[in-house]
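Here is a short briefing to read alongside the model. Take a look at the structure first, and then we can walk through it by topic.

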Amino acid sequence: MAPQAGSIYRSWVDSVNARNWDEALNLLAPSVEYNSHESSSEAAVGLIKAHITETMPDNKTDIDTLVVDRSGLKVAARLIHHATLAKPYKKAEVTGKPIEWAENVWTYFNEDGKIVKIISISDSEAINRNTESVPRTPAEPRSLPAEPQNLALAYQTYMQSMQAGTMAVEFPKFIHPTSYHNNVPLTIPHLMGLLANIFGSIQDLDVKLLDLIVDEDSQQIAGRFQFGGLPNKEFFGIPPTGKTVQFTEHPLYQIHEGKILRVWTLHDLEAYRKCLEA
């Protein structure tokens, strides 16, 4: 059923791009949850239609990366939106020029193949900056490892090494000497320093894995994480206010020869800021 989930999701994106609202409605379950807000399928499609029509009438969405769960009940995707704003959106102003931004989104299906839940993080920083272009996943060859590998177990060990402080030993086993994080090339020492700085920015950091997809066929992994704690210094340029935070991250990993080569990730910085301002 996994290929069906991917096909259904592509049909969903195609129907929105084509403004075929009847087809979009047909792909949804009667009740749909979007970022913890539940509504009828009719109301959900109505909101999407109004948002596109009023704010970004020429919006086109491309699927840059798609990770499909073996169960066929969930997929994770990196989307790239291309639009010219007709009115201000978030902190972006109307300039008459097209902008782009990425969105990392999880989509869940029922047994009938209908969409029942969507959990999304958009790159609000790219929107706010009126970013003209965002990078795509390059058409690069990715090969299987020489020896069979349990991707799920390898990823679990990789994540545990961050909390156990064994990154120096474990990272070379699971990451290429140079990997690409949101298209930025990072050596393993550079990546370790970056992660140490991020983890050190939040006191009593609590990390929970909320969901995981391991796509052996495409050699890709998608995670959904929740973070909580008390920021004690700047986090992605956002200063602490003395208040605790809770926010999520949606990383997607692309594997080559059994090691992580490329990561596309987004943190929910809007939720992070809301916690600080509450």
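The lining of the second largest pocket divides into 29 nonpolar, eleven polar and six charged residues. Here Ala, Val, Leu, Ile, Met, Phe, Trp, Tyr, Cys and Pro count as nonpolar, Asp, Glu, Lys and Arg as charged, and the others, Gly among them, as polar. This is a predicted model, in which local features need pLDDT of at least 70 and side-chain atom pairs 80 or more, while totals for chains, interfaces and linings use all residues. Residues are numbered from 1 along each chain as its sequence is written, and side-chain values use heavy atoms, without hydrogens and water.

**Second largest pocket**
- Its volume is about 1100 Å³, the space filled by probe spheres set on grid points joined across faces, edges and corners.
- A pocket is an open set of points on a 1 Å grid over the protein atoms alone, where a 1.4 Å probe fits, with protein on both sides within 12 Å along at least five of seven lines; lining residues have an atom within 4 Å of a point.
- Of the 46 lining residues, Asn 182, Phe 236, Glu 249, Thr 265 and His 267 are closest to the centre.
- Helix H7 (residues 188–199) gives the largest share of this lining, six residues; helices (H or I, at least four residues) and strands (E, at least two) are DSSP runs numbered from the N terminus.

**Largest pocket**
- The largest pocket holds about 1400 Å³ of space.
- Its lining has 22 nonpolar, 16 polar and eight charged residues.
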